[in-house]
Structures are given as structure tokens and as C-alpha cells.
Amino acid sequence: MKNFIILFVFCTSLFSFGQKIKEDDNKILLDGTAIAKVEKDKTGTQFTYTSIDGSTGIIANLKTHKIDAQNSKSWLVVTNLDGSKKTEVNFELLSFTLNYKKAVAELLAKKYNIFTANGIENLDAFFAEERPSISAEIEKVKEAGKVDEKQLATLNYQIHTTEKLVFSGEVPEDAFTSKYNDAERKEFMSKVVAKYVVSWKQDSSPFPVLNVDILTLNGRSLVKAVDRGGKMVVALTESSKTFTYTPSFVYTNRSTAAETERLVKEVVDNSYLNGQKYMTLSEAEVLLDARKADKLAKTEEAKLNSVNIYDKKGYAIDQKGVKLEGVLSIDFEQIAPKSSSSGMIDLDAAGDGKSVKVVAKNEKGNLRQYFYKAKENVSFGVINDDNTETKFKALLVKLETVAPKDNTALDLGALAGVSLASASWKYFKEVDVTDKMSIYQDLPSNSYVIKVPNQEKGFQIFVKKGKEDKFLSKLKEYVGDSVGSSDLEKIDYSNLEGLKNLSDLYSNFK
């Protein structure tokens, strides 16, 4: 998969194809217009593309050969619908996507001109071109026991100066092993340069320290080298690996521009020290973009699985009764999806249910953001997809941390773990509101809170296993003499129906 993504960076600049390819509802769209239909088999690696009228089409099989735990070689075996014609091409991602139906169509459109505004065309010319069999080459490598990434791939390694492009080209992945001699390595490196920053910086020592930063086109630092006692310690910013080497010459703050270039080339050369594959600039750049996309996807997934509210129509009413309608958002809980196998760090977002954001128009008709804090005794409501309304009210409550089991709000076993908490203002969902006793819900913990008018604070229904008597004692203190102790003991606090019975008893007494 990684090699798929790496190819994207190297190939996008080769094509002037400006139209956008998308896949939606099993159709291939070119600038929003359907030009072909597509079906994927059960394996997810065979794609059948047919014209809208079904008159012509192709079948593309995505083949992948695993080189090692981190690298793969991928290609397409393409046939016409009756299988009478066949050819093979390298698979390349021309844009970052995990939708392979779209990715294959984009490659065949932009590089081979098969998908056009008229549908599927130019098949005769496509199949007429002679191409080597990639499948056969892979089989030969397998048979010879030479399954080696270094024999199957090359990486573009581009480094450039801020002022000018010194050199650019391809470097074999194993360029700095014994397979190549010095003359060949010199030829490789004569085609490769970097945008770099070389500086002498003071640290805690009285002597300046040499720093070499190799950067990408957009200035992101990917390789850092620091002088340590005449040796260069090189670190790759997207890897925990480092390596150390001694430069072949003495570099000082009085060295020439040519010597600076020479030093940077050595840093690049030693990135492949002893055949060890370190992250290249192009590879790291794509990895950063992929991680960013992965992080965004995980954030969106976490949002969907949270109790938070994002961009819902609704309103807020302040303590003076002024109502503001707009689009509401509030974080009740942290967004923390599990770490992936790629080592992505959990995403965290502040979520305490203490502030609601409303995007609404001001007096001049311009959209602006308004923030309402729970401690200001604000209430708000949101309009659900079915046009029903869910209301929320700010309450002062001492909440214990609750870890529900299987989302059972008042499971006594689930509430065994407690952490001390102090009373604070936050928003609670209205469940059953009366003028005598009201029931609210704390969304993150799925626990309930009751509130009576003559009490400043709300009371959380939190039953710690083995501490039922203590809970009943506190509840009795909260409701006063409104409900007898024997009646309190009969109520089932493990469900909402029991809390409604408590509310009824309290209301009838008053």
C-alpha cells in the first residue's frame, strides 16, 4: 500500500489531464457526468468497467506482490470483456484515495486515455501497444528466490536549493550498496539535489553547532543532521531511526557554497548507508499527507460515534429569556478513537459539556459565533432529523465519574468505579421535566440527574455497588420528607421508569 501512495507524488506532475475523475453509486464520473459503469468482484481486486449503454468495456485485475512487511509491487492485468485481448501496466495512484474503483479509472483515463467525455474509447490502440508482462517478471523473481524490493522499484529523490534546481532524477533504492561502484553512485548523485538549510547555531556550549536541514518543496523539514564532535548525527523526522557518520572533510562556518553542497550530498548518500533504507524526502512527504488524511478520517468517525452535537439547527435562551436561533455545536466528551496499527496517536478534543457554540447572523446579517456557558444558566434546544426537538438545561451538579457497561445507564456493577468530583455547571439533556421534580441525563456517562426547585444543585443517581444505604441516605437528605424512607427503598434506580416513579411520589406528596 505504501508504494501505491509513493507513486502518486512522482506521477501527478507528468500529466496535463485537468478533468476530475470520481466514482459514485457504481458509476465513473468525469467532471460530474457519468461516463461508465463499474462493478467490483467479491475479492475487491477485479473491476469491470462498461460504457453506459453496455456496448464496450474492460476488466482490470489489480495484482499485488508483497515484497516485505512494508513494501509491495502492484500492477494491473487489463482485458477486454470477452478476454481476447490482454495487456499489463504498472498500477499508480494519481491522487490520494482508498477507492480503487476510482483509482484504476483515473489511471486509465489520465495516462492511457481510455476514459473520456464520450465514455470508454481508444481500446484498440491501448491493447495494440506491446508491453512486457509484469506478471511473468514477478514469477521469474520468485522462482529465482530474488524477491527483493531493491530489484523491483526505484524512488525519485529530489532535493533542490531555494534559489535554483541543481539536479534532479531517479536513484535506485539500493544505489549505495556494493552493487554499484563509485562512478555509478556519482552519476546517481549528479542528478539529485535538495532544498536545504545549513546553519551554525549556538547551543549550551561555547562553540557553534552545525545544523543541516533537508526540506521538501513546501519547506517541511524531513531530514535533520547535527554535528556532534566532528560526526554527523542524522535523524529522519518521520522515523525513530538515526545514523551517524564522519564527513569526508572538515566543514566550518567559513566553508564555501560548493563545500556546503558537498556536505548535503553526503547526508543524502549516507541515508542509504549499508543498504539500509531510510525514509526519502518524497516518501516522507506522502506519508505526512496520508497521516493527515487518516487523522481527519478518524476524527470524523469519532464524531459520529460520540454524543457530541455538531452543526445542528436549534436555539439558545439566555438567563434573560433572549432566544437566539442558529446552528449549534457542543462537545460533551473527548474524541479518542483507538490507535491504529500505523501508530497514529489518539485524537483528543476537549469535551466537558460546559459551553455551547451558536453560529447565527448578527444585526448586520453577517454570520458570527456566539458562546453560551452553562454557568450563565443558559438552556438550548436542537432540531432532530425527524423535526422533533431535544432540549438541554444548564445545572449545577456534583458528578462522579461513571463508566457504563454496555450502555446500561444505572447498572450497579458498572458504577463500581468512582472518582471524586466537585460540583460544576454543565448542560444536561431534558428527559422528564415537571414543576415539582425533573429528570435529566448526563450524555457522556449515560447517568441521570434529578432536580427539585428548592435545591440549588441537581442530584446524580449514582449507586455504588455495596454502598446502596449511603446512596439512599443522601437521596433522603435531598428530597427531604417528601418521600418516606420505605418508599425510597422500594424504587428501582437501575432504570428510567424507576426514576419516574420517584418523581411521581415526590410530586403527589407536594
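Buried means under 20% relative accessible area, exposed over 50%, and partly exposed in between (1.4 Å probe, protein chains only). This is a predicted model, in which local features need pLDDT of at least 70 and side-chain atom pairs count only at pLDDT 80 or more, while totals for chains, interfaces and linings use all residues. Residues are numbered from 1 along each chain as its sequence is written, and side-chain values use heavy atoms, with hydrogens and water left out.

Select Asp-442 and Lys-426 to begin, whose side chains meet in a salt bridge (2.8 Å, N to O); the term stands for a side-chain nitrogen of Lys or Arg within 4 Å of a carboxyl oxygen of Asp or Glu. Asp-442 lies in strand S24 and Lys-426 in strand S23, 16 residues apart, where strands (E, at least two residues) and helices (H or I, at least four) are DSSP runs numbered from the N terminus. Asp-442 counts as buried because its relative accessible area is 4%, and Lys-426 is likewise buried, at 9%.

Go next to Asp-385 and Lys-312, a salt bridge whose closest N and O atoms are 3.2 Å apart. Here Asp-385 is exposed, at 72% relative accessibility, whereas Lys-312 is partly exposed, at 29%.

Then select helix H2, where Lys-102 and Glu-106 lie four residues apart, about one turn of the helix. Together with Lys-110, these two residues are linked in a network of salt bridges.

Finish with Ile-114, which, leaving aside its neighbours within four places in sequence, is in contact (heavy atoms within 4.5 Å) with residues including Ile-58, Leu-108 and Phe-126.
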